[in-house]
Amino acid sequence: MAEDIKVIVFSLGEEEYGIEVDKVKTVERLMPITRVPKTPAFVKGVVNLRGVVVPVIDLRGRFGLAETEQTEATRIIVVSSGEMEVGFIVDRANDVTDISSDQIELPPEVVGGIQAKYLRGVAKTDGGRLLVMLNLSEVLNKSELVQLEQMEA
Amino acid sequence: MDMNAYLSMFIDESQDHLQALNENLLKLEGDPNDLSIVQVIFRSAHTLKGMSATMGFEDLASLTHEMENVLDLVRNGKLAMDAFIFDVLFKGLDALESMVADITAGGQGKADVGSIVGALKSIVDGSYLTRTETAAAAVAAPAGPSAAIDEFQLSVLKQSMDSGLKALRIDVSLEESCVLKAARAYMVFNLLEEKGEVVKSIPSVTELEQEQFDRSFTVIFVTEHDAKGLEEAVGGISEVAAARAEELDAGTLERLARPEPAAKPAAGAAAPSAPAAKPAEPSAAGEARKPAGGAPAASRTIRVDIERLDALMNLFSELLIDRSRLEQLSSEIGRGELTETVEHLSRISGDLQNIVLKLRMVPVDTVFNRFPRMIRDLARSLDKKVELIVTGADTELDRTVIDEIGDPLVHLLRNSLDHGLETTEGRLQAGKPETGTIWLRAYHSGNHVFIEVEEDGRGINSDKVKAKAVENGVLSPEEAARLTVDEMNNLIFAPGFSTADQISDISGRGVGLDVVRSKILSLGGNVSVESKAGVGSKFSIQLPLTLSIITAMLVKLGSEKYAVPLTSIVETGIVKREAILTVHGNRMLSYRNAVIPVVSLSRVLGAPDYREDDEEESEYIVIRKGDKWAAVIVDDFIGQSDIVLKSMGAYLGQTPAVSGATILGDGQVALIIDPNALFK
């Protein structure tokens with residue numbers, strides 16, 4: 001049985017990505033970020049999200065892509081998964097769209113330079129767009145954070 | 001009638017009554033002829049009986065009823081208290097506690113109390129005097145063969161399992177022809193010691209040493225080796241008939257721990273013939289003597305759900321952030337009326353802050369009150385005589401700290417009683433009074449609360465600690481040679497450290513003191529030990545008053561702002577660059593007849609746009625941890641401010657040198673420096 005999933009669409013460079021709406025708490029414009037020392041380079045720091053301190057990471061950096069200049073269109077997508085609440089810096093947040101779960105196909109080895117383990121699959125929308133669906137639990141994997149810290153130390 | 005509405009009230013009140021019963025029974029044990037205490041106990045028991053019957057908890061009511069019968073006789077002078085009656089009453093209390101705990105957990109409060117009821121009845125009809133032995137055995141029986149472990153051992157086991165070790169239950173039986181059973185048992189323990197940690201043995205080690213066991217015994221054991229290998233190793237010892245090792249999972253452990261209160265006694269009760277040792281005479285220091293005669297003075301209080309207090313606290317934190325924002329805005333706008341109003345608002349919210357924080361303060365007595373009983377039971381099972389003197393039980397601490405401090409204190413107290421105090425013979429040989437003393441003190445000092453556990457036992461053998469530290473690779477012989485006595489003693493907090501020569505099932509044998517320390521550190525506190533060989537040891541815990549709002553010094557590093565908790569700042573100052581000395585490549589500063597190391601905050605934190613080398617003069621903060629000092633160089637001081645502690649979220653977890661974050665008046669997040677991390 002195929003079910004409809006609502007996803008928030010955002011882009012990194014040319015590629016379009018999707019995160020399920022129920023995982024997203026809010027989408028914010030860029031705001032002042034406080035640097036946190038001794039964290040991996042992709043951890044940009046923490047922001048004040050209406051009284052709650054939320055860590056923010058650069059999704060490009062997280063995937064090992066080159067980081068770009070921040071523009072008017074840059075957004076912070078705050079997602080929550082389990083106990084974790086994290087903001088993703090993305091190039092642009094586009095819209096909300098419906099996809100059907102049977103439209104998601106397993107990802108090829110590498111999509112746009114991103115390793116397959118971070119991806120849930122590639123979905124085709126009715127409009128013919130290709131959306132790369134993120135595997136949040138893997139993107140937020142903390143053991144990797146620890147490894148990165150050790151490598152940099 | 002719907003009873004659910006009254007259930008929580010029943011649970012709260014019965015816990016109060018049980019606590020009162022426990023305390024007063026202990027008091028009575030110290031002064032068995034004081035009938036006014038019996039009156040108080042009788043009243044508590046009576047109320048409890050009435051409440052349980054109304055709520056329909058029949059077992060609870062019937063047990064209380066039997067206890068009441070005994071107390072009634074005592075009250076009317078028809079029966080004199082003796083060691084056996086105390087034991088049975090305490091056991092009854094334990095059973096009541098476990099029943100109430102069962103009700104709290106949603107159960108029906110049912111328990112098999114037949115043996116205790118039997119013992120109580122035998123007291124009432126006087127027959128117990130003739131068959132003390134059997135009655136005591138009946139009371140002890142529920143302990144049975146099952147390897148019941150107590151809460152403390154459970155926590156040790158769980159911690160070990162969390163760190164990837166295995167908990168095993170090993171049943172060992174010796175050959176029937178074996179003559180030197182104790183020696184064989186000793187060999188088994190010796191072998192196990194090499195492979196891991198014995199958490200508990202049944203029968204106890206003392207009993208094993210005295211050959212007071214049939215051919216088999218059981219140990220609960222923590223190890224990294226697997227069950228099969230151990231079985232073979234133990235089985236390989238001569239005259240061991242069979243060894244069976246079984247891995248325990250968390251669920252089994254829970255089950256072993258659960259039936260505990262009713263089943264614990266074994267050691268204590270089995271020997272009613274032991275001269276009525278009165279281990280825990282309630283603190284002779286008069287302060288513990290609450291109004292013994294009359295009913296407890298009724299203070300006008302209401303019970304409030306802790307979650308509402310937390311919500312209040314959170315709302316107030318938001319207000320505090322807006323307050324600093326308003327202060328900043330009004331000083332920018334500079335209109336008299338506005339400034340006046342904002343100042344007034346600040347004063348009121350300051351008062352409000354005091355009240356909100358006070359609401360969350362709880363006297364440490366809520367943790368301390370279970371210790372006299374614990375010490376009494378422990379002292380019995382160790383066959384030591386000890387007096388626990390509690391002072392400052394009315395000292396108040398933040399609720400969040402109170403919730404966390406119980407386990408570490410249990411650990412320290414057990415440690416003092418088990419390792420610190422000598423045996424009775426040992427004390428007499430050393431020319432000390434037969435009864436050992438443990439002091440448990442709490443007091444305020446500045447923005448901290450201190451809790452001390454001191455005992456007049458054998459003290460720490462610092463040479464042994466040093467040898468062990470070198471042996472375990474905690475530090476090199478050269479390093480060890482440079483340490484002061486106090487520094488050496490504090491090595492016992494290092495992970496995996498134990499100097500206990502003999503096995504005991506009371507203390508964690510070194511699995512624990514590092515756990516105590518990490519717990520205290522996580523509360524923002526500190527723990528240290530002072531000891532004098534042959535005279536005793538004193539463990540001091542230093543705790544912050546509150547964990548939610550602190551006063552901090554805000555400092556700048558270029559464009560970045562950081563908060564340093566005021567409690568760790570000794571003083572601030574300015575120093576010219578040339579006054580900073582270089583000694584052996586380390587930068588030092590001369591400060592009040594001493595030379596202290598200089599720490600560059602910008603270097604520690606990797607500040608992107610500030611380098612103190614560019615400046616002629618540097619602002620510095622002197623911080624202190626124990627007897628270590630350091631001068632921390634910063635860019636500039638912004639000023640003092642009350643800040644609200646916020647977590648940085650689960651994703652970042654623990655970050656080095658930063659203990660949390662706060663939101664400043666301008667809405668920006670500032671990180672809070674952990675000064676302890678700045679010491680090398």
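# Briefing on a predicted complex of chains A and B

The secondary structure of chain B consists of 23 helices and 22 strands. Of the 680 residues in chain B, 37% are buried. For the complex, the predictor reports an ipTM of 0.86 and a pTM of 0.52.

**Confidence along chain B**

- The average pLDDT of chain B is 78, and 85% of the residues score at least 70.
- Residues 132-147 of chain B have a pLDDT below 50, and the model gives this stretch 39 contacts beyond near neighbours in sequence.
- Residues 259-297 of chain B also have a pLDDT under 50. For residues 259-297, the model contains 83 contacts beyond four places in sequence.

**Contact between the chains**

- The contact between the two chains involves 20 residues of chain A and 24 residues of chain B.
- On the side of chain A that touches chain B, the elements giving two or more residues are β4 (43-49), β5 (52-58) and β7 (84-90) of chain A.
- By residue class, this side of chain A comprises 11 nonpolar, four polar and five charged residues.

**Helix α14 of chain B**

- Helix α14 of chain B covers residues 336-359, a run of 24 residues.
- From its first C-alpha to its last, helix α14 of chain B reaches 35 Å, which is close to the 34 Å expected at 1.5 Å a residue.
- Helix α14(B) is hardly covered, with one buried residue among its 24 residues.

**A packed pair of helices in chain B**

- Two packed helices are described by the angle between their axes and the distance between the axes.
- Helix α4 (residues 83-104) and helix α5 (residues 114-124) of chain B pack at an angle of about 145 degrees, and their axes are 10 Å apart.
- The crossing of α4(B) and α5(B) is left-handed.
- From α4(B), the residues B:Ile85, B:Val88, B:Lys91, B:Gly92 and B:Ala95 take part in the contact. Their counterparts in α5(B) are B:Ile116, B:Ala119, B:Leu120 and B:Ile123.
- The residues of this contact between α4(B) and α5(B) comprise seven nonpolar, one polar and one charged.

**Residues with a positive phi**

- Most residues other than glycine have a negative phi.
- B:Asp383 has a positive phi, near 60 degrees, although this residue is not glycine. B:Asp383 is placed in the loop between α16 (371-382) and β6 (386-391) of chain B.
- B:Asp383 is partly exposed because 15 other C-beta atoms lie within 10 Å, a count between the limits of 12 or fewer for exposed and 20 or more for buried.
- B:Ala657, likewise a residue other than glycine, has a positive phi near 70 degrees. The loop between β20 (636-644) and β21 (658-663) of chain B holds B:Ala657.
- B:Ala657 has 17 other C-beta atoms within 10 Å and is therefore partly exposed.

**Residue B:Thr54**

- B:Thr54 belongs to helix α2 (residues 35-55) of chain B.
- B:Thr54 has 13 C-beta neighbours inside 10 Å, so this residue counts as partly exposed.
- In sequence, B:Thr54 and B:Phe10 are 44 residues apart, while in space the two are 10.0 Å apart, C-alpha to C-alpha.

Notes:
Residues numbered from 1 in each chain as written. Chains lettered and ligands numbered in written order. Predicted model: local features only at pLDDT ≥ 70, side-chain atom pairs only at ≥ 80, totals over all residues. Helix = DSSP H or I, 4+ residues; strand = E, 2+ residues; numbered from the N terminus. Expected span 1.5 Å × (residues − 1). pLDDT = per-residue confidence, 0-100. Contact = placed C-beta atoms within 7 Å. Axes fitted to C-alpha atoms, helices over the stretch in contact; angles between N-to-C directions. Left-handed = near helix turned anticlockwise from the far one by under 90°. Nonpolar A, V, L, I, M, F, W, Y, C, P; charged D, E, K, R; others polar.
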